[in-house]
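Trainee: I would like to learn how to read a ligand site in a model. Please take me through one.

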Amino acid sequence: MTGSIKIETTRDVADALAQGRPVVALESTIITHGMPWPGNRDMALEVEAVIRAEGAVPATIAVIGGRLHAGLDEAAITELAQASDVMKLSRADLAFALAEARTGATTVAATMMAAHLAGIHVFGTGGIGGVHQGAEQSFDISADLDELARTPVIVVSAGAKAILDIPKTLEALETRGVPVVAYGQDEMPAFWSRKSGLKAPLRLDEPGAIARFEMIRRELGGHGGMLIANPVPQADEIPASEMNRHIEAALATARARGIEGKAVTPFLLGEILTLTDGASLKTNIALVLNNARLAARIATALTSATQ
Ligand code: PSU
Ligand code: MN
C-alpha cells in the first residue's frame, strides 16, 4: 500500500502544480513553536502575500486531524496559530500524526518530505535545525540535516542561529553532501545577524544561478536538498555582538532547567524573545519575509529552466 497518502491541497496550489507554475512550500513549526500569537499568524499571512506578490503560490504544510495539507487558507492558519497541544513533527513523527489522526506542525525536515511528495521543489523558512552547542555530550543534532542530505528540496533560510554550533553544523552538512550557498555575500549569515565570522562554502548572487546549479545537480542524480543562506536585510539586523549575550543567557537557563530533546529549540527561541524584549521577533519576521521573496524568485527561475 504505497503512494496512497492523499495530500490536501488548496485549489490554487493544485492548479499551479498541474500547470507547472511556481509554488513555494512553507513550514508550520515556525508558526506554532517558533513565535507567539498573534505575531505568528501575522507573519504566516504576510509571508503568503509576499510569495503571491512575486507571482508564485504559497503552500503552508501541516497535519490537521491526521490529514496532510499543502496549502492552508487564512482560517486554517489562524486556527493553527492559536492552537495549543499541536505536535512538533519531524521525520520521526510525521507518519505517527497521520496514523493517529493528530494535529501537528511540520519542522524543516517534515516540510521537505511533504513538499517532495507534493511535487514542490522550493521551501522558504527562517532558520534550520542543526548541530546544537554541546552536541558532543547531548548528541542533539537536528533531523533537518539528514533530510537536507536525502530529499531534493531547496531550503531558503537566513543561515543558522547561534543557539546552534554553526561551524559543526557546516561540517555536518559538508559530510552529508549538502551544498550551502550564501546569497549575495561571501560570509555565512547568522540568522538575526548578516555576519557569522565564517566563510560560506559557496556563493551565488542570482535566483537564475541557483536554478542552473540545481538543474546540473539533478543531472548528476541522487542529489538531495540544498541550503540557501540569505542574509537578513541590513535595516532589520541585530548585530552578533548584541545577540551573543542573550544566546548565552538562554543556553544557561536551558541547561539549568534540564531542557532536552524536541523542547530545546522552542525553549531557546522563547527565552531569546523575552530577553530581547520582542526585538528578535521583529527581525525574525523581516528575515522570513526576505526568504519567502527569494524562494519565490528561485521557484520562478526553476520553472523557466524546466520548460
Ligand atoms: N530555527 C529557528 N526557528 C524555528 C526552528 C528552527 O530559527 O522555528 C524550528 C524549525 O521548524 C526547525 C526545527 O526545523 O525548529 C528544528 O528543531 P529540532 O532542533 O528539534 O530538530
Ligand atoms: Mn534536537
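**Reading the ligand site**

Mentor: Start with one contact: an N or O atom in the side chain of Lys161 is 2.6 Å from an oxygen atom of ligand 1. A polar contact is a pair of N or O atoms within 3.5 Å; within protein, one must be able to donate a hydrogen and the other to accept it, and residues adjacent in sequence count only if both atoms are side-chain atoms. This is a predicted model, where local features need pLDDT of at least 70 and side-chain atom pairs count only at pLDDT 80 or more, while totals for chains, interfaces and linings use all residues. Residues are numbered from 1 along each chain as its sequence is written, chains are lettered from A and ligands numbered from 1 in the order in which they are written, and side-chain values use heavy atoms, with hydrogens and water left out.

Trainee: Which part of Val108 lies 2.8 Å from an oxygen atom of ligand 1?

Mentor: A backbone N or O atom of Val108 does. For Asp144, a side-chain N or O atom is 2.7 Å from a ligand 1 oxygen atom.

Trainee: How many residues surround ligand 1?

Mentor: A residue counts as near if one of its heavy atoms lies within 4 Å of the molecule. Here 16 residues surround ligand 1, with Glu27, Lys88, Ser142, Asp144 and Lys161 the closest.

Trainee: Why does ligand 1 lie between domain 1 (1–120) and domain 2 (123–307)?

Mentor: Domain bounds come from an automatic or database domain assignment. Ligand 1 lies between the two because both domain 1 and domain 2 give residues to its shell.

Trainee: Where is Pro38 found?

Mentor: Helices (H or I, at least four residues) and strands (E, at least two) are DSSP runs, numbered from the N terminus. Pro38 is in the loop between H2 and helix H3 (39–53), and the peptide bond from Trp37 to Pro38 is cis, with omega near 0°.
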